[in-house]
Amino acid sequence: MRSPLLNKLSLICGRRLPVSWLVLCFTSVLVLIAVFGSSFPKSFDYVTVTPVPEIYSNYRRLKEQTAVDYFQLRTVSSGAGRQGELGLCGKERENYVPCYNVTANVLLGFKDGEEFDRHCEVSSQGKFCLVRPPKDYKIPLRWPAGRDVIWTGNVKITKDQFLSSGSITKRMMLLEENQIAFHSQDGLIFDGVKDYSRQIAEMMGLGSDSEFFQAGVRTVLDIGCGFGSFGAHLVSLKLTALCVAAYEATGSQVQIALERGLPAMIGNFISRQLPYPSLSFDMVHCAQCGIVWDKKEGMFLIEFDRLLKPGGYFVITSPISKPPGRATSSKKRSMLTPLAQFTEKICWSLIAQQDETFIWQKTANLMFLEYSKNNEVPLCKEGYDTPYYQTLMPCIIGASSKRWIPIQNKSSSPDLSSVELEVHGNPEDFFEDLQVWKLALKNYWSLLTPLIFSDHPKRPGDEDPLPPFNMVRNVMDMNAHYGGLNAAFLEEMKSVWVMNVVPVRARNTLPLILDRGFPGVFHDWCEPFPTYPRTYDLLHANGLLSHLTSERCSLVELFVEMDRILRPE
């Protein structure tokens, strides 16, 4: 039996509804949505976007969701008129990094290293344009080949700069006509990276560097990382090594490390904290990092103490040429004297010294609190931890934090224990998030395969080959939540690392992400991200727009920045 409504409609339209009438109705509904959507520009601010993504099983549903996203974007842009097509930036901006204008910073009075710091507040974008790739740019090789061979045209380093450099790392690399090859023995020190890593492990009392993980070392912050050779070796050991180095106009450590497909970002802590929460890394490594330790009354070492977990290690290597022994020993003393003084003040222990490598260990003993009360370095106030480019603080984090867990007490399993999960909130939400992203990743991978491997994208069918494990090298998750996408990549054994970004206006889940052993960072998406152009293969932005509620956030500016970060194709 038919409903009374259908009976009435059949009287008006005949026994059968015309197809054209149904199409007209559907079109009218879409028009109404568009009209009312543009009438309420602020409505998006109050929409709560669920972290659970839609799972698309076919292209029809994907097209339907695209239509919904279109109306959502119109709402965010406050009904602004249609933007004209943006032009390309000039050749001088091929390696442009916003917020790092050294010349302008010097003119404004920044000095003593602060001119190399990030200053978005004084950086002017001017007219929007799209950063173009260099003329000789080539798509990077896929892993694992791309980790050891890069195209010289993709990075800003000339052959003359390369050949004239006195750096051991650069000299050990092989420069060909249009490639730079990094070999397994591209020495960070004279004996090579593998020997150097093994030396550090033995100094820590381990049999080999393969035991780092069992000793609690899973995440390493590599300060001034050269071109990523040490980090590349740690990655082969299934550890997470994040390279952080200051901005450089040419020959950048960060740019070349990212071109190799290794985790890296621009960072400087001359005057401000790095954008990571306290108690986040198991080891801080500093080889030839050029830090003058007796400046700013030990503030640089205090920043490392903030970042290190209890029981974590600080490794410093400063290769010194051997000829005159007296000069060598005096240089060593000049470096060690301030380090010895400051490490004693913050209760670090020098556990080993061999050649030019020294290893200190941060205390995990709660008794240090009593000692610190009478020391020159006070404890930070309880609840202090807002490290988004805040001024360096002359205080150390106390053991009142729930995350004060010595690295030696952590489970040897790659997964967090139930006790560790409870520190961060509801474990049920965490596991639900992981299951959602495991399913989502399978859909993403099947959708990406024909886009990447076919000139004519189509729905993947049974005849299509399985997606390769190394289809993309790195992903930036712009709103990482619990890091579930990162975990899904690992479970599916994809050769990918993820930069997990937690927006400053979102719930602070970055400590959980870092405790899981994933790379991560705080960031305000109303500002440019501290990386070089063309450094990520894929951007993932689930639920990001709901955090852009500030009036100073520009949607156009965000998409121009995303275009700068993405590699061609």
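These entries cover the sheet, the cores, one lysine and the disulfides.

**Entry 1: what I'm looking at**

I remind myself that this is a predicted model.

**Entry 2: the sheet**

I started with the strands. I found an open sheet of seven strands, with mixed pairing, in the order S6-S5-S4-S7-S8-S10-S9. Which are the edge strands? They are S6 (264–266) and S9 (348–354), and each of them pairs on one side only.

Next I picked one pair to follow. S4 (residues 219–223) and S5 (residues 240–245) run in the parallel sense and pair over five bridges. For isoleucine 223, I noted valine 244 as the bridge partner in S5.

Then I checked what packs on the sheet. Helix H9 (residues 229–236) does, and it touches S4, S5 and S7 (281–287). The direction of H9 makes about 170° with that of S4. I also found helix H11 lying across S4, S7, S8, S9 and S10 (357–362). H11 runs at about 135° to S8.

**Entry 3: the cores**

How many residues does the largest nonpolar core have? I get 65, and the residues with the most contacts inside this core are Leu221, Tyr276, Trp293, Phe304, Phe314 and Trp525. H11 (residues 299–307) turns up again here, as the helix gives the most to this core, with six residues.

I took a closer look at tyrosine 276. Leaving aside neighbours within four places in sequence, tyrosine 276 has contacts that include Leu221, Leu242, Val244, Phe281 and Phe522. There is also a second, separate core of 22 residues, and I spotted Ala201, Val315, Ala352 and Ile359 among them.

**Entry 4: lysine 309**

I went back to strand S8 (residues 308–317), where lysine 309 lies. Is lysine 309 buried or exposed? Relative accessibility is 4%, so I put lysine 309 down as buried. What does the side chain of lysine 309 make a polar contact with? The partner is the side chain of aspartate 515, at 3.4 Å. Beyond four places in sequence, lysine 309 is in contact with residues including Phe281, Asp282, Lys362, Ile407 and Leu514.

**Entry 5: the disulfides**

A search of the whole structure gave me four disulfides. As a reminder to myself, a disulfide is a covalent bond between the sulfur atoms of two cysteines.

I looked at cysteine 89 and cysteine 129, whose sulfur atoms are 2.0 Å apart. Their link is right-handed, with 100° about the S-S bond. Cysteine 89 sits in the loop between helix H3 (59–76) and helix H4 (102–107), and cysteine 129 in the loop between H4 and helix H5 (145–148), so the pair ties together parts that are 40 residues apart in sequence. I have cysteine 89 as buried at 2% relative accessible area, and cysteine 129 as buried at 13%.

Another disulfide joins cysteine 99 to cysteine 120, S to S 2.0 Å. The torsion about its S-S bond is about 105°, so I noted this disulfide as right-handed. Cysteine 99 lies in the loop between H3 and H4 and cysteine 120 in the loop between H4 and H5, so the parts tied together are 21 residues apart in sequence. Both cysteine 99 and cysteine 120 are buried.

Cysteine 286 counts as buried, at 0% relative accessibility.

Notes:
Residues are numbered from 1 along each chain as its sequence is written. This is a predicted model: local features need pLDDT of at least 70, side-chain atom pairs count only at pLDDT 80 or more; totals for chains, interfaces and linings use all residues. Side-chain values use heavy atoms; hydrogens and water are left out. Helices (H or I, at least four residues) and strands (E, at least two) are DSSP runs, numbered from the N terminus. Buried means under 20% relative accessible area, exposed over 50%, partly exposed in between (1.4 Å probe, protein chains only). A polar contact is a pair of N or O atoms within 3.5 Å; within protein, one must be able to donate a hydrogen and the other to accept it, and residues adjacent in sequence count only if both atoms are side-chain atoms. Contact means heavy atoms within 4.5 Å. A nonpolar core is a set of buried Ala, Val, Leu, Ile, Met, Phe, Trp, Tyr and Cys residues joined through side-chain atoms within 4.5 Å. Two strands pair if DSSP finds at least two bridges between them. Axes are lines fitted to C-alpha atoms, for helices over the stretch in contact, and angles run from 0 to 180 degrees between N-to-C directions. A disulfide is a pair of cysteine sulfur atoms within 2.5 Å.
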